[in-house]
Amino acid sequence: MGGHPVHRWGALSLGGAALFLGLAALVFAVGLLPGDTALYQEVTARRTPAVQEFFSWVNVFGSWTGLLPACLVLLAVSPEARKRWWLIVLVLLGAPVIEHTAKFLVGRPRPRGRAMGFPSGHMTGAAAFAVIAVYFAIKERWGRVQRLGLTAVVAVMVVLVGVARLVLHAHWPSDVLGGFLLGSSCAAAGAWWDARRSAA
């Protein structure tokens with residue numbers, strides 16, 4: 001994606017937010033989307049005790065139990081992140097507020113139980129952390145291998161958390177997609193604001 005970094009982050013934030021709002025409106029109007037049930041059943045049908053144990057462990061990276069240590073590692077390896085620790089806090093506290101509000105407004109239950117499921121909170125947190133981590137990786141004077149390495153690690157983390165939410169019967173696939181779009185757009189908004197402030 002070309003253009004000035006400020007414009008890139010702004011476009012990512014607005015694009016993600018628009019997609020999230022569109023998906024939320026569709027879920028509110030329709031309920032389960034085409035493919036939700038089929039994909040959910042496809043994933044859960046392959047659940048074995050070993051698979052469930054693995055994804056129960058992976059699942060922590062979408063909660064504060066895993067995100068807090070991940071943030072500490074990011075602060076340890078990135079001087080830019082240490083300078084803007086407050087931005088990480090703002091993104092990782094702000095995204096869940098919007099997520100909880102959306103759950104209340106959309107009102108679609110999870111696959112099991114009566115708790116509201118759209119969007120996935122675990123995926124919101126994982127995606128928000130991943131995008132803000134990539135933002136700081138780009139700002140650092142790291143080599144290509146270091147940047148790609150961090151990007152790969154957080155991308156795998158996000159994918160595994162998303163699959164975990166299905167394996168553990170916690171969410172429908174569109175819940176997971178909604179959390180990804182929300183978390184990504186919130187972190188991109190934080191990156192856009194910081195990049196714009198730094199460029200001023």
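**Cysteines, burial and overall shape in a predicted model**

Reader: What makes the sulfur of Cys-186 too far from the closest cysteine sulfur for a bond?

Author: In this predicted model, the closest cysteine sulfur to that of Cys-186 belongs to Cys-71 and lies 15 Å away. A disulfide calls for a pair of cysteine sulfur atoms within 2.5 Å, so the 15 Å between Cys-186 and Cys-71 is too far for a bond.

Reader: Why is Val-176 called buried, and what is it in contact with?

Author: Val-176 has a relative accessibility of 11%, which is set against the cut-off of 20%, so this residue counts as buried. It is found in helix α9, which covers residues 173-199. Leaving aside neighbours within four places in sequence, the residues in contact with Val-176 include Ser-120, Met-123 and Gly-162, together with Arg-165, Leu-166 and His-171. The C-alpha atom of Val-176 is separated by 22 Å from that of Ala-11, a residue 165 places away along the chain.

Reader: How do you know that the radius of gyration of the protein chain agrees with that of a compact globule?

Author: The globule rule takes 2.2 Å times the number of residues to the power 0.38. For 200 residues a compact globule would have a radius of gyration near 16 Å, and the protein chain has 17 Å, so the value agrees. The C-alpha trace spans about 45 × 35 × 25 Å along its principal axes, and 46% of the 200 residues count as buried.

Reader: Which elements make up the protein chain, helices or strands, and how far apart in sequence are the residues that its contacts join?

Author: The protein chain holds nine helices and zero strands. Among contacts between residues at least 6 apart in sequence, 77% join residues at least 24 apart.

Conventions: Residues are numbered from 1 along each chain as its sequence is written. This is a predicted model: local features need pLDDT of at least 70, side-chain atom pairs count only at pLDDT 80 or more; totals for chains, interfaces and linings use all residues. Side-chain values use heavy atoms; hydrogens and water are left out. Helices (H or I, at least four residues) and strands (E, at least two) are DSSP runs, numbered from the N terminus. Buried means under 20% relative accessible area, exposed over 50%, partly exposed in between (1.4 Å probe, protein chains only). Contact means heavy atoms within 4.5 Å.
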